[in-house]
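Here is a short report on one protein model.

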Amino acid sequence: MEFNFEKAMARLTEIAELMAKDDVPLDECMALYNEAAELAGKCEIYLEQAKFVVEQTEMKASAQ
């Protein structure tokens, strides 16, 4: 399955809202935290790749 940055960010927001509730059991909070950590890592890699593409495009444009 292909990574979708926007869906990952939406899920991270959803996880944050769920974890902010007082009635979420600790086990569920831990599972949500683990999911969020994995998603955040994937988002960071995606953003690093996007930054690289932008920098490469800028370098090509400035060389012309």
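## Cysteines

The structure holds 0 disulfides. This is a predicted model. A disulfide requires two cysteine sulfur atoms within 2.5 Å. Cys 29 counts as buried because its relative accessibility is 15%, under the 20% cut-off. Cys 43 is also below that cut-off, with a relative accessible area of 5%. Both cysteines belong to the largest nonpolar core.

Helix α2 runs over residues 26–63. It has 38 residues. From first C-alpha to last, α2 reaches 55 Å, close to the expected 56 Å.

Which residues of α2 are buried? They are Cys 29, Leu 32, Ala 36, Leu 39 and Cys 43. The cover over these buried residues includes α1. An α-helix has 3.6 residues a turn, so residues three or four places apart point the same way.

## The nonpolar core

The largest nonpolar core has 10 residues. Among them are Phe 5, Ala 8, Leu 12, Ile 15 and Val 24. The elements giving two or more residues to this core are α1 (5–20) and α2. The biggest share comes from α2, with 5 residues. In soluble globular proteins, nonpolar side chains tend to be buried together.

Leaving out residues up to four places away in sequence, Leu 39 touches Ala 8, Arg 11, Leu 12 and Ile 15.

## Aromatic rings

The model has 2 aromatic pairs. Phe 3 and Tyr 46 form a tilted pair, with 5.6 Å between centres and 50 degrees between planes. This pair links distant parts of the chain. Phe 3 sits in the segment before α1, while Tyr 46 lies in helix α2, 43 residues apart. Phe 3 is partly exposed, because its relative accessibility is 29%. Tyr 46 is partly exposed too, at 35%.

Tyr 46 also pairs with Phe 5. Their ring centres are 5.2 Å apart and their planes are at 15 degrees, so this pair is stacked. Phe 5 lies in helix α1 and Tyr 46 in helix α2, so the pair ties together parts 41 residues apart in sequence. Phe 5 is buried, with a relative accessible area of 15%. Phe 3, Phe 5 and Tyr 46 make one aromatic cluster.

## Salt bridges

How many salt bridges does the model have? The count comes to 4. Side chains of opposite charge can pair when their charged atoms come close.

In helix α1, Arg 11 and Glu 14 lie 3 residues apart, about one turn of the helix. Their side chains meet at 3.2 Å, N to O. Arg 11 is partly exposed at 23% relative accessibility. Glu 14 is partly exposed as well, at 39%. In helix α2, Lys 42 and Glu 38 are 4 residues apart and meet at 3.4 Å, N to O. Lys 42 counts as partly exposed, at 40%.

Glu 55 is partly exposed at 34%, whereas Lys 51 is exposed at 51%. Shared partners join Arg 11, Glu 14 and Glu 35 into one salt-bridge network.

Notes. Residues numbered from 1 in each chain as written. Predicted model: local features only at pLDDT ≥ 70, side-chain atom pairs only at ≥ 80, totals over all residues. Heavy atoms only, no water. Core = buried A, V, L, I, M, F, W, Y, C linked by side-chain atoms within 4.5 Å. Buried < 20%, exposed > 50% of the residue type's maximum accessible area, 1.4 Å probe, protein only. Contact = heavy atoms within 4.5 Å. Phe/Tyr/Trp six-rings, centres within 6.5 Å; stacked < 30°, edge-to-face > 60°. Expected span 1.5 Å × (residues − 1).
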